[in-house]
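Thanks for coming. I will go through one structure this morning, starting with the terms and then moving to individual residues.

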Amino acid sequence: MTNCRFSILTKIQFHIVLFLIVVVHNFQESYAQQMQNFQSSSCDYFQGSWVIDPLHQPLYNSYSCPFVQREFNCLKNGRLDHWYLKYRWQPRSCNLTRFDGRSFLQKFRGKSIMFVGDSLSRNQWESLVCMLHSAVPNARYNLKIIGDDVTILSILDYDVKVMLNRNVFLVDVVKERRGRILKLDSIEGGKMWKGIDMLIFNTWHWWSRRGIYQPWDYIKVGNKIYKDMNRVVAFERALGTWANWVNTNINPAKTLVFFQGISPSHYKGTDWNEPGAKSCSGQKLPLSGSIYPTGLPYELLVLKNTLSKIKKPVKFLDITNLSLLRKDGHPSIYGLNGKDGMDCSHWCLAGVPDTWNQILYNLIP
């Protein structure tokens with residue numbers, strides 16, 4: 001009888017303990033989910049610092065990615081120091097969820113993604129498709145290049161398209177009888193962006209080009225044509241045209257819109273308190289801390305001002321400051337022209353653009 005009572009008591013205790021375990025587990029899951037939701041809604045992913053993390057970086061091997069072009073493939077071009085590959089961006093008050101390529105592809109199954117902008121958009125596009133290829137290296141794909149302006153990678157097993165539209169000003173450059181006209185109020189190129197499920201825009205680097213590197217002869221504003229004008233003013237006017245296009249054409253229920261912040265260059269060591277450095281060549285370490293000595297570029301404020309006025313939801317990839325800290329991440333003499341060139345504008349892959357895409361991944365609902 002005593003043994004029977006003991007057995008019943010033991011079973012009751014077991015079920016009580018099991019019940020408590022389930023309750024605690026559910027509470028922990030609920031709390032973790034609440035914290036995750038709180039973090040995703042309140043965390044500033046763009047304030048932080050670079051930390052060494054050789055166990056988890058880089059996110060892919062540039063040798064095994066078929067999409068890295070020569071100008072970004074620093075290892076293949078002979079760069080011997082590898083520390084630039086080992087740094088991870090650490091936000092100040094939270095953690096970034098590690099990029100999961102399979103999860104990304106499942107989320108965008110049957111959908112399309114397009115990067116729109118200059119060669120920094122290509123830098124980011126190549127980074128993303130390498131991250132996806134690393135996750136599903138055996139997935140079937142088709143790469144299609146249309147002229148100089150459109151690249152389409154179709155990942156067939158997931159029915160996902162990751163596209164690149166080279167459009168350096170976002171507004172139109174039109175060849176007319178008098179020459180090439182940069183039309184600040186015209187955005188006919190936007191026809192290509194309609195119906196895309198996620199758009200990531202970028203522009204700035206071409207606005208300051210002059211001489212043989214300037215791809216226009218005149219600027220048209222309204223009905224007036226100018227031989228030249230203040231480039232930041234022109235940039236702001238073009239951003240306004242782009243904002244109007246978004247307000248008119250984007251259905252937020254269908255399309256996610258991002259704008260990538262201005263990617264910085266590192267050609268003057270005085271900017272990072274190293275006056276002896278004439279370029280980014282030989283730089284092997286990021287800047288410590290969270291603040292760039294000379295601050296943020298003025299054109300970034302112009303961009304933020306435009307985005308603050310837009311009516312449709314646009315998420316801002318505010319990558320300028322975190323990228324300013326990475327003076328070590330550029331191709332320098334390990335780019336397209338080798339020792340005869342000095343590229344302190346683009347980024348080695350693998351490298352800094354992988355962090356841009358990881359933050360993009362964290363910002364996607």
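A residue is called buried when its relative accessible area is under 20%, exposed when it is over 50%, and partly exposed in between, with a 1.4 Å probe and protein chains only. Ser154, at 12% relative accessibility, therefore counts as buried.

Before going on, the ground rules. This is a predicted model, in which local features need pLDDT of at least 70 and side-chain atom pairs count only at pLDDT 80 or more, while totals for chains, interfaces and linings use all residues. Residues are numbered from 1 along each chain as its sequence is written, and side-chain values use heavy atoms, with hydrogens and water left out.

Now the overall picture. The chain has seven helices and 13 strands; these are DSSP runs numbered from the N terminus, helices being H or I with at least four residues and strands being E with at least two. Of its 365 residues, 48% count as buried. A contact here means heavy atoms within 4.5 Å. Among contacts in the chain with a separation of 6 or more, 76% come from residues 24 or more positions apart.

Next, the nonpolar cores. Such a core is a set of buried Ala, Val, Leu, Ile, Met, Phe, Trp, Tyr and Cys residues joined through side-chain atoms within 4.5 Å. The largest one has 62 residues, and Phe104, Ile113, Val162, Met198, Leu317 and Ile359 have the most contacts inside it. Helix H3, residues 119-135, gives the most to this core, with seven residues. Apart from it lies another core of 41 residues, Ile196, Val246, Val257 and Ile262 among them. What does Ile113 touch, not counting residues up to four places away in sequence? The list is Phe104, Phe108, Val160, Lys161, Val162, Met163, Ile196, Met198 and Ile200.

On to the strands. Two strands pair if DSSP finds at least two bridges between them. Strand S12 is largely enclosed by the rest of the structure, because four of its five residues are buried. Strand S9, residues 198-201, runs parallel to S12 and is joined to it by four bridges. Met198 has Leu256 as its bridge partner in S12. S12 is also joined to strand S13, residues 315-317, by three bridges, again in the parallel sense. Within that pairing, Phe259 stands opposite Phe316 in S13.

Strands S1 (residues 48-52) and S2 pair in the antiparallel sense, over five bridges. Trp50 stands opposite Trp89 in S2. S2, residues 87-91, is mostly covered, with four of its five residues buried.

Trp272 lies in the loop between strand S12 (256-260) and helix H5 (298-309). Is Trp272 buried or exposed? Trp272 is buried, at a relative accessible area of 3%. Leaving out residues up to four places away in sequence, Trp272 touches His266, Tyr267, Ala277, Ser279, Gln283, Leu287, Tyr292, Pro293 and Lys327. Its side chain also makes a polar contact of 3.0 Å with the side chain of Glu274. A polar contact is a pair of N or O atoms within 3.5 Å; within protein, one must be able to donate a hydrogen and the other to accept it, and residues adjacent in sequence count only if both atoms are side-chain atoms. Trp272 and Leu325 are 53 residues apart in sequence, and their C-alpha atoms are 8.6 Å apart in space.

His346 sits in the loop between helix H6 (320-324) and helix H7 (352-363). His346 has 18% relative accessibility and so counts as buried. Which side chains does the His346 side chain meet in polar contacts? One is that of Ser119, at 2.6 Å, and another is that of Asp343, at 2.8 Å. Beyond its neighbours within four places in sequence, His346 is in contact with Phe72, Ser119, Leu120, Asn123, His330 and Pro331.

Back to Ser154, which lies in strand S5. Leaving aside neighbours within four places in sequence, Ser154 is in contact with residues including Arg140, Tyr141 and Val160.

That is the tour; I will take comments now.
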